[in-house]
Amino acid sequence: MDSVINPWSSTPAVDIDRLFSEFGIEPVEAEASLLSSAPAFFRRKIVVGHRDYAPIVEAINTGSPFNVMTGFMPSGYPHLGHLMVMREVVWHVEQGGSGFISIADREAHAVRGLSWDDCKKYGALYLECLYALGFEGTTYYQSENALLKDLAFEAGIKINFSDLQAIYGFTPETSLAHADSVATQVADILYPQVVSGPAPTVVPVGIDQDPHIRLTRDIAHKMRWFTVLDRGEYISVRSKNAPLHAMDAVAAAFPGSKRYEGHLDIPGADILLVSEQVRQIEAANGGYGFITPSSTYHSFMKGLQGGKMSSSIPDSLFFFDEPVSDVKKKVMGALTGGRMTKEEQVRCGGEPDGCPIYLLNLFHMVADDDELLEIRSACLGGTLLCGTCKKATFERVKEFLTDFKERRESVRHMVTG
């Protein structure tokens, strides 16, 4: 089976079960259950997996510092398919996270061939949507961030083309700019720790973006100066090309340790305490001291026509700036989980779990869990017919879009200056 996942596909096809088993993504329920107040995207199993989310849960529960960052490629107008990641980021900011948003214009220019002017235009719309949803934090365009580009160059030293071929399926025909955009995305994910120091960082993404997370976690480790290993009776701190002054600082911090060329052993120590102290020494002496970034993965909502949701299939979604009359046609013309006839629907009930209209409510349009349960139960029981459900759903969509438009107008000055 082909193990390459294409994060640039406009119609992503991802086998979630294979991602979990082959690439080590873990179900998120156990970690989410430790939150004092889990959001709807956890309760409703929209966010399905994670990598190393436990440090983020601990940071939320203890009020300690953490970051949340993600990026948006400005290749077109923002739409329904972007809403989940935006809401995940905003929720993490509300829980105390420092927010970071990258507008991936270098990626859009290199991979999709968009002009810089179009990247700027679309990027502003994404930022406007984020601010309207309540985002607070740092935003930037990749092309305008000198520190980010320097970090991408440093990360690129640790990336070779065999990595890119194995992870992304790159070929000799892949442009250097496309490869550079990957290094820039690695830098995006690590950027919050360069700006404000090492801290847990979560990256909420669609599950098709996992290749970027896997690569960045590997590069974050490679860019560290030290590796800390538990050898049972002692903790070993091994240098990975650390400068001599940093190695001296580590030795001075642990009296009684045994120093050798390239490493030192600390008897009777706790690996967590040693790891954190070594990280702080590394960062204080000019290294990065990265904490390996975490990630969450949301599943894909079906398109309104039942297939994949994609901007290349206009009837599969609605854009936030689309005329309400056009949105109404799409919602009212959407595929449903209903039966062939009214009589069969009443007798057998509908099938909400595969219905794009029900999923639209589950993902975004019904905030109250009890109300959502009533809709599902009525559908299953045959008392809620598809036409009635579509009309009610469109009214929710219209209310959302009207309110969202007002909010966007009220924050537009934050983007345009």
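This is a predicted model: local features need pLDDT of at least 70, side-chain atom pairs count only at pLDDT 80 or more; totals for chains, interfaces and linings use all residues.
Local features here need pLDDT of at least 70 and side-chain atom pairs count only at pLDDT 80 or more, while totals for chains, interfaces and linings use all residues. Residues are numbered from 1 along each chain as its sequence is written, and side-chain values use heavy atoms, with hydrogens and water left out.

**View 1. The second largest pocket has a volume of about 600 Å³.** A pocket is an open set of points on a 1 Å grid over the protein atoms alone, with protein on both sides within 12 Å along at least five of seven lines; lining residues have an atom within 4 Å of a point. Volume is the space filled by probe spheres set on the points, joined across faces, edges and corners. Look for R87, L133, F363, H364 and A367, the closest to the pocket's centre among its 25 lining residues. Helix α18 (386-416) supplies the largest share of this lining, six residues.

View 2. A cavity is a set of grid points where a 1.4 Å probe fits but cannot get out. Of its 15 lining residues, C355, Y358, C379, C386 and C389 lie nearest the centre. Here too α18 gives the most, with three residues.

**View 3. Helix α10 spans residues 176-196.** Helices are DSSP runs (H or I, at least four residues), numbered from the N terminus. α10 bends by about 50° at L190, with P192 following within four residues; the bend is the angle between axes fitted to the seven residues ending there and the seven starting there. Just after α10, G197 takes a positive phi of about 95°.

Note on methods:
Helices (H or I, at least four residues) and strands (E, at least two) are DSSP runs, numbered from the N terminus. The expected span of a helix is 1.5 Å times one less than its number of residues.
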